[in-house]
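Reader: Please take a close look at the salt bridges in this model, and then at the surroundings of the ligand. I would like one connected account.

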Amino acid sequence: MSIAICPGSFDPITLGHLNIIRRTSRIFDRVIVCVMFNSTKTSPMFTVEERVDMVRRAVSRYPNVTVDSYSGLLAEYAKAHEGAVLVKGLRAASDFEYEFQMNLINKKINPSLETMFLTSDGKYTFLSSSVVREMAQYGADLSGLVPNEIIEDIERKAKQWRSHDGK
Ligand code: PNS
């Protein structure tokens, strides 16, 4: 059975992420979406539990996709899923530089681990979780950016953030 791992911080999951996950689910028998920590992103909008819950609702229509979380190294997580391949989306050349480096680090830790890249659908090349967080803070319309199932979660959280800031 072929297994793909789609890792990310998913803070929150966007339609660009979902597009990569859906396309991966057509290529592999099983897809594990793994919600992880990115040490460069220090103040997340959502807790890991909230992110897992939102990803679960967003992927519920895909029967071969499951959701997990892990707080350690991605290459170590992959060791527990023998033969699994990492699948990541690439939006632009700038993504490639970062992902190329990550691929080399992951291979150093787990030499048999392979990473495959899917190019982003053209309509999502501008989209990122940070764009969504920024839009949400200004109360902008999030439809077309994130799965409909999680729009209310983001709006609710953004409202809490605004009230804490006294805005
Ligand atoms: O969605 P992101 O934030 O671009 O995903 C990056 C992520 C979470 C996949 C990456 O930061 C990661 O692999 N984190 C787990 C820790 C790890 O293995 N780091 C790489 C070796 S230093």
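Author: What follows goes through the salt bridges and then turns to the ligand.

The model is a predicted one. Across the whole structure, a search finds eleven salt bridges.

One of them joins Lys157 and Glu50, whose closest N and O atoms are 3.1 Å apart. Lys157 belongs to helix H6 (residues 151-164) and Glu50 to helix H2 (residues 48-59), so this pair ties together parts that lie 107 residues apart in sequence. The two partners fall into separate accessibility classes: Lys157 has 14% relative accessibility and counts as buried, while Glu50, with a relative accessible area of 31%, is partly exposed. The cut-off explains the labels, because buried means under 20% relative accessible area and exposed means over 50%, with partly exposed in between.

A salt bridge also connects Glu149 with Arg61, and here the closest N and O atoms are 3.0 Å apart. This pair, too, links distant parts of the chain: Glu149 is in the loop between helix H5 (129-137) and H6, Arg61 is in the loop between H2 and strand S3 (65-70), and 88 residues separate them. Glu149 is partly exposed at 34% relative accessibility, and Arg61 is partly exposed at 46%.

Asp95 and Arg91 form a further salt bridge, with 2.9 Å between the closest N and O atoms. Asp95 is buried, its relative accessible area being 16%. Arg91, by contrast, is partly exposed at 35%.

Salt bridges also link Asp11, Arg51 and Arg133 into a network.

Now the ligand. The ligand sits in the largest pocket. There are 14 residues around the ligand, and Ser9, Phe37, Asn38, Lys41 and Leu74 come nearest. Three of these residues can be described through ligand oxygen atoms. For Ser9, an N or O atom of the side chain is 2.5 Å from an oxygen atom of the ligand. For Lys41, the distance from a side-chain N or O atom to a ligand oxygen is 2.7 Å. Leu74 takes part through its backbone, where a polar atom is 2.8 Å from an oxygen atom of the ligand. On its own the ligand has 540 Å² of accessible area, and the protein covers 78% of it.

In terms of secondary structure, strand S1 (3-8) and helix H4 (93-109) each supply at least two residues of the shell around the ligand. H4 gives the most, with three residues.

Terms used:
Residues numbered from 1 in each chain as written. Predicted model: local features only at pLDDT ≥ 70, side-chain atom pairs only at ≥ 80, totals over all residues. Heavy atoms only, no water. Salt bridge = Lys/Arg side-chain N within 4 Å of Asp/Glu carboxyl O. Helix = DSSP H or I, 4+ residues; strand = E, 2+ residues; numbered from the N terminus. Buried < 20%, exposed > 50% of the residue type's maximum accessible area, 1.4 Å probe, protein only. Near = heavy atom within 4 Å. Polar contact = N/O pair within 3.5 Å; in protein donor to acceptor, adjacent residues only side chain to side chain. Areas by Shrake-Rupley, 256 points an atom, 1.4 Å probe, with all protein chains shown as cover. 1 Å grid on protein atoms, 1.4 Å probe; cavity = no way out; pocket = protein on both sides within 12 Å on 5 of 7 lines; lining within 4 Å. Sits in = over half its atoms within 2 Å of the grid points.
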